[in-house]
Every structure is written in C-alpha cells, then in structure tokens.
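Hi,

Here is the structure I promised to send over.

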Amino acid sequence: MAKEIIMPKFGFTQEESEILEWLKQDGDKVDKGDPIAVVSTDKISMEVEAPEAGIIGGIRYKVGDIVPVTRIIAYVLQPGEKAPETDAAAPASQAEAPAAPVVEEKAAQPAAAASSSAFSISPVAQRLADDLNIDASQISGTGRDGQVTKKDVEDFAAALKAGVGKINATPAARRIAQEKGVNLQPLNGSGSGPSGRIQAADVSSARVSAPAAQPIMAAAPGMGAIPGLTVLKEIPLVGMRRTIAQNMQRSMQQAPHMFLQVDVEMDAAEGLRKLANQNKVADAPKISVTALIVKAVAWALKQNPIINSQYTDEKIIEYADINIGIATALDNGLIVPVIHNADSKDLLEISLELGDLAQRARSNKLQPDDLAGGTFTISNLGMFGIDRFTAIINPPQSAILAVGKMNKVFVPDENDQPVLQRQVAFTLSADHRVMDGSQAAKFLTDLKDSLLNLGEILK
Amino acid sequence: MRELSYMEALREAMRQAMQKDDRVFLIGEDIGIYGGAFGVSAGLLDEFGPKRIIDTPISEAGIAGACIGAAVTGMRPIGEMQFSDFVVIAMEQLVMQGAKMRFMFGGKAEVPFVMRLAGGSGTGAAAQHSESLENWFVHVPGLKVVMPSSPYDAKGLLLAAIEDNNPIMFFEHKALYKTKGPVPEKMYTIPLGQSHVVREGKDLTVVATSIMVSRALEAAEQLSKEGIELEIIDPRTLKPLDEKPIIESVIKTGKALIVHEAVKTGGFGGELTAVIMESEAFGYLDAPVKRLAGLDTPIPYNRNLEYHAVPQVENIVEEARKLVKGQY
C-alpha cells in the first residue's frame, strides 16, 4: 500500500514548513528512516524521513513551496504501485499528526533496527495502526511473544494524543534546559531515556553555547564567605551564570582588549527613522534605534571583514556571513540571540526580527539556532541610561560594540556657534591579536559615516 | 577494634545500661532461662537475677502494658517481642496508650521504654514469623522507630534509645544477629534521627534500611567494577527521619533507589520517595525515584520462594545499573 509522507509538525504552534531541498526524487529507492527532504520552520531546518522502505513517488511540492503541516508531500511506493491521484491540497488522513519522525543533523538515529527482526503484530492491529498512521514498530506488544495487539495500538494512540504538546523530560533535564535557555521541543521524543524521555545528558549535549567545562579560577584563595560578615544570600555558580562567568573570564584573560570610542551625530538617522515610522503601513513594526544601528554595523562590517572574524592559534578567520548578536538582558542573566545575514536584510526585517528575538528571549523560547553562529555582538545599555561603557568581547568573536544612550549636546558649528545635536557614544572593544588600532578605527569611522548618511546605505 | 556480632553488641548495650542504671530491666518471652528466642539476652539472668530479667507467659499485650506502666512510674524498661509479628497482640497498648500518654497528659508523663522486635525473613520461619512491620509504627505520632543495620549501630542506637524519654520501637533483623563488625567496648550512643552515609558515590543514591544496607554495600562493590559508584544512605531511625543527607545526596547524583525488605505497597519507601519529591532535590532528578522492596505477599515457607520474596544483592545490582544507565 502506498505510504503517505506528510509534512511533519515539529513544534506545537507550527502551521507550515518550507521545502528547502528534496534529497530523493521520484523513483529513488529508500530504506525506512532515510532522509528524503529538508524542510524549514523558523530558523531550524529538519529532515523528513521515509516512514518505510520502498520507492519515492508522487512528490507534490517543489523546493520553495510552503506546505501546511500534515499535508501529504509524497509517497513511499512498493514495486508496481502508483501514487494515488488525489488532490494535492487534501490533508493526510489522520486528524492530528503524530510526533513526526525527524532527525536533527546531530541527533542520533534511534536504534530501531535491533528489534525489528523480532517484530510481530496482529493483522487487525496493523490495519488500525495504518489507519491511524502510527508506526507500529514503536509500540511494545503485550500479546503472545510480544506481539502487538489491537489494544496496544489503541493505548499507544491514546497516549500519543494525551502527550501532544507535552514534553517528556526529567526534572533535571527541564532545570538545565531552563538555565541554559535550551528549548526542549526539538528534542522531544528523541531523548535517551525510556520512550524517548529527555534526560540531563541529552540537554547538555544539545546545548548550543556549550563551552568545554572549564573550572573557574577562584576569585580569592578562600572559597567561603569572609569571616565576620553576615551572608545575605548565596548564588550557586550554575547554569547560565556559570557560562557567562567562564566566557567572560576566558575573553578577558586571553584576548588583549583595546577600546576605541566615537560620538556620532544621530540627527540625520533619527530624522529618517521618524519619517519612516510616520509613513509606515498600519501593521508594520516601528523601526527602532537598535535596528538602525544593526543595519549600519552590518554595512560597516561588510567594508571591514577583519572585524567580522575569529582568532585561532594558527590563523585568523574572516567570515562572509554577517551575523550580529544582540546582548539581551534576562532576569537571571544574559543571552545573545543572533540576527543572521543582517547585511542582506532591510530595516523592516531587522526590526521585526529584533522584536521577535527579544520577546522569545524573555519567554525562554529561543531555539538553538537563534543563538548560534554570531560573528559580532552589539551591547546597548542606552535604555538603562548609560552614556558610554566598554564591553567584553564575546568569544570566539573579535570585537563587540558598546552603545550608549542618545544624548542632546551642544557642539560648535563651522562658525563656532553652538548647535544642538543628538549623539550616541559608540565604544568598540577589539581583540588586538586580530587587528590593530588603525583597522578598528576604520571600522568605527565607516560606522559613523553610515549613520550620518543612512539614506545612502539603505539604497 | 574488637569485633562483635550484632547480637553480642545488643547484649552488651543492655548489660552496660543495666549496670549503669538500675531502673533498666528486661521483660519478654523466653528471655531469661532460655536466653531469648535468638539468644540475645543469654547470660543476663545469671548476672542480674529474675527481678530484672523477667520471663513472661505468652502475653504480648501484657509485656507492652507492663513496659508502659513501669515507664510512666519511673523505670526504663526494655521489652522484647521475640518475633516482631506478635506485636499485633500488643497494638492497643503501644499505639493507643504508650504513644499518646505524653500528649494526653499534657507532657506530665514520660514513657521511656524500648520495645525490641525481631523482624525480617530469611530463617525459613514462614508468614507469621518473618514480617517487616516497621512502617505501621512510623505512621503513629508519639513513637520513634529505629532500625540498626550493623553491630556498631545496634549498640549505639540501643543505648540512645534506652536514654530517650519516649517510647521506641527498636526493629532488629533476625538474619543480622550473627553478622560481625567492629564495636567499641565503652558505652556510646548514636543520636536518634541521624542518617548515615555508609558509602559515598556519584552515580546513584541508594537509601537502604536494616539488612538491605549490607546487601546494597555488596551490590556497590560489584557495580564499582563496572565504573558505577553507589552512594548508600542508612536512615538508621525511620522516625524521626534525618532527611537532609538524603536530599543532598539526590541533588548530587540525580537518581534515587530505595531498598527495604518490607512489602512495597504502603512501605517506608513511599514516604522516602515523597520526601525526595517534595524537596529541592526534585529539580535535580534525572530519573523517577525507584523502590526495590518486598513483594506484596506473605513470606512463603518454601526457602526458594522466601529468597525471591525480598530484595537480594543481585536485584539491587540490576535495578541500580538500569537506573544509572537511564534504562529504568
């Protein structure tokens, strides 16, 4: 019987996915579990697996198509079979897509093969499983010699339904995920525990910003509190706090920082922003100062690739991708979601993305990919009323830009008459192993020019 | 240090308490001339005479009642249930009277007695002589419940129990009586309500009581060869329970296995599980808390069936290994 391949539902709120690539074409032979297509949702790309062995047929969508979840995208056929000629828009037969069999790039395949040789299922149970589009080999049978019975299938389906949208994880895994800002949803069902339960080790290995666990040097030889002082609270150095501590200490100790400052007139940029916001279409987002700065920084990075780089002991690597991390304060720490390819996005896209990332950062819903791949970081303490400050480079990057608040100042014009100007102080922290002062200065000058002539770079 | 058996350690504790304090006396069935059903009190009749080593008829309610009456009138009795199963006859005295007197008399009465009970299976004595009933008494406010697992603990805990001004249910294990271990000659006490980390390890917290402590230790030695390190905690007193070392250990290991001989349903393991789940250790659990306990059956007479009715070393090894590997 032709086996339907449906667009899987990866996340609870996900409604559609884009087909990024077909790894198999009509007529290709597949084994069960072979990846057949790459699809994307948000920033995560996932592979769709063949639900059983056979021949791919009836591919219904082309690369770039956006397909609602649970729609049939192709079939696995047995020799001699033809793909059914149904309406491409018809949803797959089951109402609710079960947890889709997907693999992440790194996730190990569950070793289903071991038990498959001994797998046995009663005919009526097989038919029911087919009707419900359940992979019966996942079910542990209670019948004679472990045969899967009809009741086993019914129980499995009920459990599946009850578990939709719930995450099967141990308390320790949940705690670590929360501390590290890891979303458990993509791992759901693929943990190493029983029934795919996510365990602590699964979260640790899935961690994006996983730095090799290094001991942190004691600040003072005595580990305890200072004798004679009353302790108000002790904050254990775990989770996000520990990661920040490790990264910042490593950066400060290993990367020789140099600091360059420039005060940039923001009147022109502000004028442009206000104009854009006045004329925006109703449901478009407002363009923020941060968005302007991200855009200008992306442009300046493009002119100065040495800033957009990474130091290693053998070489310096300049990146073509301009992925700008935005340091985002949380109640219990700091997280740096990334705007990928910021140089190729317009102000509207950047504003939208900034809003989305900030909101998801605060609600702990960032995906691993949101945090990965940053090549440069912006830290803006302007909203906290800070005029200017220096930041610590976010390893393995080579530089970070510290942004202060917009101030009004009087400056002399060409006739030495005072004029009122809006200014923002920018401080670049740069790794002197990677670049020299003149290169860092060139970047800052380009940044300044781009903000003075924002209209030009937006063309 | 000199080695004594569990039984000798208990006898020495009673002898030293009686030498030191003439308010202490012993009362029970066959404890005098016969020396006790298991020989724990052998020789004490010769040393202290029939006024302090009192043989009774088969009358458990009477033994308990005599202990309570003597205790409230200034003595420090030690009663013995030669099989803990027989305590059912004495329940009214122990639970209804002894446990409540201090409270119902507004603190004006103290009830300082120790009821020693020989519990546990392994002797082929079948369903009415092999039970582990400690959790019944854990459920009764006013009673303390003690379960020594080694000769050292047996002496120190019994001396602490005799000194305590409350009714104490002191559960000994028949199969431990002949096991040996180091025991100091001098009098010493182990405070009631102090858990003991018997073995340190990083992979799994095993909370075991009574004879299960030595079985857990044996399991730990086997698993150590596989690179699995068990941390073993003996609560020693089930009530009052010293929770802190257990919670701290579970925070460290992220996993807990509770092992006791008493039947699983309604056993102390359920209480321990709840203690862990309600504590800050919850957020550190990386697997469900598991209980390994006696089967829900009266202890069979058949020796093979008896063996399999309660946790053995190999069961602990298997359960612990599965938990540590996340294949529970």
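Below is what I found, going from the whole complex down to some details.

First, a caution: this is a predicted model. The predictor gives the complex an ipTM of 0.71 and a pTM of 0.53. For chain B, the mean pLDDT is 97, with 100% of the residues at 70 or more.

Chain A contains 12 helices and 20 strands. Of its 459 residues, 34% are buried. If you take the contacts in chain A between residues at least 6 apart in sequence, 64% of them link residues at least 24 apart.

Chain B has 12 helices and 14 strands. Here 52% of the 328 residues count as buried. For contacts in chain B between residues at least 6 apart in sequence, the share joining residues at least 24 apart is 80%.

**Where the chains meet**

How many residues of chain B are in contact with chain A? The count is 10 residues of chain B, against 10 residues of chain A. On the chain B side, the residues that touch chain A split into five nonpolar, four polar and one charged.

Start with helix H1 (residues 6–20) and helix H7 (residues 151–163) of chain B, whose axes come within 8 Å and cross at roughly 30°. That angle is under 35 degrees, so H1(B) and H7(B) count as roughly parallel to each other. Their crossing is right-handed. From H1(B), the residues involved are B:Tyr6, B:Ala9, B:Leu10, B:Glu12, B:Ala13 and B:Ala17, and they meet B:Pro151, B:Ala154, B:Lys155, B:Leu158, B:Leu159 and B:Ile162 of H7(B). By class, this contact between H1(B) and H7(B) has 10 nonpolar residues, no polar ones and two charged.

The other pair is helix H8 (residues 211–224) and helix H12 (residues 313–324) of chain B, packed at an angle of about 55° with their axes 8 Å apart. H8(B) and H12(B) are therefore oblique to each other. The crossing of H8(B) and H12(B) is right-handed too. H8(B) brings B:Arg215, B:Ala216, B:Glu218, B:Ala219, B:Gln222 and B:Leu223 to the contact, while H12(B) brings B:Val313, B:Ile316, B:Val317, B:Ala320 and B:Arg321. The contact of H8(B) with H12(B) comes out as seven nonpolar residues, one polar and three charged.

**One residue in chain A**

Finally, have a look at A:Ile316, which sits in strand E12 (residues 316–318) of chain A. Is A:Ile316 buried or partly exposed? A:Ile316 counts as partly exposed, because it has 14 C-beta neighbours inside 10 Å, and being buried would take 20 or more. Leaving aside residues up to four places away in sequence, A:Ile316 touches A:Ser309, A:Tyr311 and A:Val434. There is also A:Met435, 119 residues away from A:Ile316 along the chain, with 9.7 Å between the two C-alpha atoms.

That's what I have for now.

Cheers

Methods. Residues are numbered from 1 along each chain as its sequence is written. Chains are lettered from A and ligands numbered from 1 in the order in which they are written. This is a predicted model: local features need pLDDT of at least 70, side-chain atom pairs count only at pLDDT 80 or more; totals for chains, interfaces and linings use all residues. Helices (H or I, at least four residues) and strands (E, at least two) are DSSP runs, numbered from the N terminus. A residue is buried if 20 or more other C-beta atoms lie within 10 Å of its own, exposed if 12 or fewer, and partly exposed in between; C-beta atoms are placed from the backbone. Two residues are in contact if their C-beta atoms, placed from the backbone, lie within 7 Å. Ala, Val, Leu, Ile, Met, Phe, Trp, Tyr, Cys and Pro count as nonpolar, Asp, Glu, Lys and Arg as charged, and the others, Gly among them, as polar. Axes are lines fitted to C-alpha atoms, for helices over the stretch in contact, and angles run from 0 to 180 degrees between N-to-C directions. Angles under 35 degrees count as roughly parallel, over 145 as roughly antiparallel, 65 to 115 as roughly perpendicular and the rest as oblique. A crossing is left-handed if the near helix is turned anticlockwise from the far one by less than a right angle, and right-handed if clockwise. pLDDT is the predictor's confidence in each residue, from 0 to 100.
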